[in-house]
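Subject: Structure handover

Hello,

Please find the structure below.

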Amino acid sequence: MKVIVDEDKCCGAGQCVLIAPEVFDQRDEDGIVILLEPEPAADRHSAVREAAAVCPGAAIELTEQA
Amino acid sequence: MSINEQVLSYPIPSDAALDPPGEWAELRGKCPVAHVKLPSGDQATLLTRYDDVKEVLADPRFTRLLNAPDAARLSATDDGGLFNSEMAAIIPDGGEEHQHWRRLVGKWFTAKRMNALRPQMARIAEGLIDGMVERGAPGDLRAGLGFPLPVYVICDMLGVPAEDRDQFSYWSDTLLNLTRYGKDEIEAAQAEFFQYMSDHLAAKRTEPGDDLLSELIAAGGPEDGGLAEIQILVTGMALLVAGHETTANMIGKMVSMLLADRTRWERLLAEPALIRSTVEETLRLDANSGFGLPRYLKEETEVSGTVLPKGTTVICSMAAANRDESAFEAADQMDLTRSPNPHLAFGSGAHSCLGQALARTELQVVLEVLLRKLPTLELAVPVTELERVEGLAVGGLRTVPVRW
């Protein structure tokens with residue numbers, strides 16, 4: 001799985017950090033998303049999928065590899 | 001007469017405090033773009049489908065400029081209340097200016113900061129619950145816990161004294177209640193509130209504290225990358241109001257929804273790991289979330305195959321959208337494990353609720369502490385006796401009688 005985040009779409013809601021804190025963080029200066037793990041380990045995939053599905057800015061894009 | 005031809009009065013009343021009006025399902029199915037009449041008598045267009053509401057809330061053509069001359073007034077008072085006020089227009093509506101404001105203020109509401117507040121929130125909740133226990137059962141969970149907790153937290157973040165909370169509650173109510181107050185009362189309350197915040201900011205300029213407003217002042221004016229004085233003032237007022245009624249009401253509604261069928265409470269006692277998904281599910285199913293979000297259309301646009309002319313006022317009912325069967329499986333059922341749960345309770349897109357991480361954290365902490373301290377909690381009245389507060393832009397229950 002590869003994760004891409006779009007800082008322009010990010011509205012700083014923090015849902016991704018609450019759901020998958022190992023993969024996402026927010027910048028202290030403006031609350032915008034920081035991607036910690038662009039290729040997260042398999043045990044984090046379901047949390048990352050949930051974070052992407054509920055992101056209010058639709059700022060998280062996933063590519064799933066076979 | 002079918003629902004397509006009649007002009008519904010909005011908000012649509014519901015017979016039961018926790019249940020949605022039957023019209024929602026009918027509107028989603030047959031009339032997703034409906035004509036409604038607001039408390040002011042003005043007409044607006046109501047959206048109830050998930051895809052439409054989500055799209056419109058994230059579409060910059062649907063603005064928040066409800067003070068436009070041809071925008072529908074929500075309430076009968078001249079300035080139409082909170083959403084129509086000139087004050088609301090001081091915070092930039094869109095584009096880079098809005099993003100700048102959002103990021104300056106948003107840094108205070110990150111998930112990390114909210115997580116850091118957890119121990120403090122838990123202590124406040126424990127203290128409030130101890131107070132309820134001392135006073136003895138039955139007690140009102142709304143007055144004893146739901147209202148004070150978010151108020152203490154937001155007052156602390158803004159550096160305003162929690163002792164003044166009765167005043168804030170009144171000012172907040174006059175701004176958010178669409179039917180209860182007359183024009184003179186609202187104007188007087190707004191003027192007092194404005195003066196209070198203005199004095200408070202003057203004091204913070206002389207003696208800055210470790211709080212959001214002091215930091216906004218320290219960031220300097222627009223020329224230094226900060227906000228204008230009036231913007232800081234309105235931001236302070238907006239956050240105080242927003243931090244007041246929303247989560248405060250949601251705590252009572254969440255607990256009521258869970259206790260309405262006590263097997264839900266028992267499941268949470270057995271599986272506290274479900275607290276996070278449970279909070280999201282109660283937010284999704286909150287049938288009494290309030291007015292919804294109004295938007296003003298500055299150019300002709302199409303929604304669900306209907307052309308909306310320029311100047312249309314649109315009301316997005318997130319609560320109706322959150323029960324859309326095309327977006328959620330068994331949408332009318334409460335599923336404490338639902339995941340993902342992309343509900344629209346906090347809106348969607350660039351304007352989605354700034355304080356949502358705060359609200360989520362408060363709701364999770366309250367539920368955690370309640371389950372731990374009062375595992376025997378139950379409603380002290382039948383669900384059918386719970387009553388809604390009428391007229392509020394943000395819905396709530398009048399009282400939440402509980403025993404333990």
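How many helices and strands are there in chain A? Chain A has two helices and four strands. Here helices (H or I, at least four residues) and strands (E, at least two) are DSSP runs, numbered from the N terminus. Starting at the N terminus, the elements of chain A follow the order β-α-β-β-α-β.

Two remarks on conventions. Residues are numbered from 1 along each chain as its sequence is written, and chains are lettered from A and ligands numbered from 1 in the order in which they are written. This is a predicted model, in which local features need pLDDT of at least 70 and side-chain atom pairs count only at pLDDT 80 or more, while totals for chains, interfaces and linings use all residues.

Overall form of the chains

The C-alpha trace of chain A spans about 35 × 20 × 15 Å along its principal axes. Its radius of gyration is 11 Å, which agrees with the value near 11 Å for a compact globule of 66 residues. The radius of gyration is taken over C-alpha atoms, and the globule rule is 2.2 Å times the number of residues to the power 0.38. Of the 66 residues in chain A, 44% are buried. A residue is buried if 20 or more other C-beta atoms lie within 10 Å of its own, exposed if 12 or fewer, and partly exposed in between, with C-beta atoms placed from the backbone.

Among the contacts in chain A with a separation of 6 or more, 58% are between residues 24 or more positions apart. Two residues are in contact if their C-beta atoms, placed from the backbone, lie within 7 Å.

Chain B has 14 helices and 11 strands. The radius of gyration of chain B is 21 Å, close to the 22 Å that the globule rule gives for 404 residues, so chain B is as compact as a globular protein of that length. Its C-alpha trace spans about 60 × 55 × 40 Å along the principal axes. In chain B, 47% of the 404 residues count as buried. Of the contacts in chain B between residues at least 6 apart in sequence, 72% join residues at least 24 apart.

Where the chains meet

The contact between the chains takes 17 residues from chain A and 21 residues from chain B. On the chain B side, α3 (95-106), α4 (111-135) and α14 (356-373) each supply at least two residues. The residues of that side divide into seven nonpolar, nine polar and five charged. In this division Ala, Val, Leu, Ile, Met, Phe, Trp, Tyr, Cys and Pro count as nonpolar, Asp, Glu, Lys and Arg as charged, and the others, Gly among them, as polar.

One residue to look at is Ala357(B), which lies in helix α14 of chain B. Is Ala357(B) buried or exposed? Ala357(B) is buried, because 27 other C-beta atoms lie within 10 Å. Leaving aside neighbours within four places in sequence, Ala357(B) is in contact with Ala13(A), Gly14(A) and Leu18(A), and also with Phe109(B), Thr110(B), Ala111(B) and Met114(B).

Strands in chain B

Strand β6 (residues 293-297) of chain B is mostly covered, with five of its five residues buried. Leu293(B), Arg295(B) and Leu297(B) point one way from β6(B), while Pro294(B) and Tyr296(B) point the other way. Strand β4 (residues 62-63) of chain B runs antiparallel to β6(B), joined by two bridges; two strands pair if DSSP finds at least two bridges between them. In this pairing Phe62(B) stands opposite Leu297(B). Four bridges join β6(B) to strand β9 (residues 313-316) of chain B, also antiparallel, and there Tyr296(B) stands opposite Thr313(B).

Elsewhere in chain B, an open sheet of three strands has the order β5-β11-β10, with antiparallel pairing. β5 (139-140) and β10 (378-379) stand at the edges, each with a single partner strand, so one side of each is left without a neighbour in the sheet. Asp140(B) stands opposite Pro401(B) in β11(B).

Regards
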